[in-house]
Amino acid sequence: MSHPEPRTPHNVAELIDAVLAGDYGPDPKDLSVTSAFWLYNTTRLAGSQVTYHNHYLLLRVGTAFGACSFEAGELAPDFCENASGHTLDKLLRAESTPVRIAALDAYLAQVSPHRDAAGAERVTLPTGTPEVRAMARDAAIAGLLDIEPGAKVALIGVVNPLVAAIRERGGVCLPCDLNLRTTQWGDQITDDMTEVLKEADAVVATGMTLSNGTFDLILAHCREHEVPLVVYAQSGSAVARAFLPAGVTGLSAEPFAFSQFSADETPLYRYREAA
């Protein structure tokens with residue numbers, strides 16, 4: 001059965017409603033979670049003084065993994081005890097934001113896998129150490145940046161190589177993060193997103209903004225002020241893709257298995273609004 005082109009959503013709630021209404025393909029009640037994973041990992045790359053603490057919920061549906069990162073204590077591991085077998089319509093209505101985002105990501109990645117999506121540019125991350133693979137991933141993200149010298153770029157979700165990439169392109173980085181206080185070079189990092197948005201000529205944001213509820217605010221700001229928005233996403237990579245016609249101008253989508261969970265070649269997919 002073919003489905004008409006869905007209306008462009010303006011926020012995550014509208015996208016969930018459209019999926020539940022069947023606008024994007026099969027009814028979510030007909031798709032079930034095969035496996036549910038609660039993951040916690042720490043990462044400290046060679047030469048860095050920063051340890052990243054990452055929590056993920058992964059929901060497998062068919063050939064797709066829906067993913068969402070979340071803050072410590074936000075979702076207990078025992079969620080996964082009974083999640084396998086649940087249909088996506090139930091999880092899309094869950095009280096927990098990470099559960100809704102992971103379910104939404106699983107649905108959209110199943111009905112339109114990144115590997116088959118129109119406009120997706122496949123980038124292969126090479127076999128190598130965590131440092132080699134992280135550098136390749138961050139270079140792929142930086143390749144989406146198109147900024148003028150002197151442009152102020154809000155970086156919401158700080159990754160040090162992206163700070164460097166913005167500066168190498170002549171931009172002024174405005175770093176914002178809820179957990180980090182300084183960059184690798186000692187620059188102060190604010191935790192007030194509005195502070196950097198009001199100054200920004202362009203915005204680069206992580207997919208975790210989908211989990212913490214700030215994505216809609218960033219999207220609305222960039223749309224209203226015609227500010228380019230690049231999203232780099234492990235969390236909700238297929239969710240962010242749905243907003244390419246609605247404020248997201250570039251996307252680095254990295255579906256599971258993420259670069260840090262493998263030493264072998266893995267893909268990520270780049271999208272640009274024009275595509």
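This is a predicted model: local features need pLDDT of at least 70, side-chain atom pairs count only at pLDDT 80 or more; totals for chains, interfaces and linings use all residues.
Which residue's side chain does His114 meet in a polar contact of 3.3 Å? The partner is Arg241, the contact joining the two side chains.

Let's start with the whole chain. It holds ten helices and ten strands. Its radius of gyration is 18 Å, close to the 19 Å that the globule rule gives for 275 residues, so the chain is as compact as a globular protein of that length. Along the principal axes, the C-alpha trace spans about 50 × 40 × 30 Å. Buried residues account for 50% of the 275 residues. Of the contacts between residues at least 6 apart in sequence, 59% join residues at least 24 apart. The chain exposes about 12700 Å², with 50% of that supplied by carbon and sulfur atoms. As for charge, the mean positions of the 20 positive and 34 negative charges are 3 Å apart.

Now back to His114, which sits in the loop between α4 (97–111) and β4 (121–125). His114 counts as buried because its relative accessibility is 6%, under the 20% cut-off.

| Side-chain pair | Polar contact |
|---|---|
| His114 and Arg241 | 3.3 Å |
| His114 and Tyr271 | 2.7 Å |

Methods: Residues are numbered from 1 along each chain as its sequence is written. Side-chain values use heavy atoms; hydrogens and water are left out. Helices (H or I, at least four residues) and strands (E, at least two) are DSSP runs, numbered from the N terminus. Buried means under 20% relative accessible area, exposed over 50%, partly exposed in between (1.4 Å probe, protein chains only). A polar contact is a pair of N or O atoms within 3.5 Å; within protein, one must be able to donate a hydrogen and the other to accept it, and residues adjacent in sequence count only if both atoms are side-chain atoms. The radius of gyration is taken over C-alpha atoms; the globule rule is 2.2 Å times the number of residues to the power 0.38. Contact means heavy atoms within 4.5 Å. Accessible areas come from the Shrake-Rupley method with a 1.4 Å probe; for residues, only the protein chains shown count as cover. Lys and Arg count as positive and Asp and Glu as negative; His and the chain ends are not counted. The place of a charge is taken as NZ of Lys, CZ of Arg, CG of Asp or CD of Glu.
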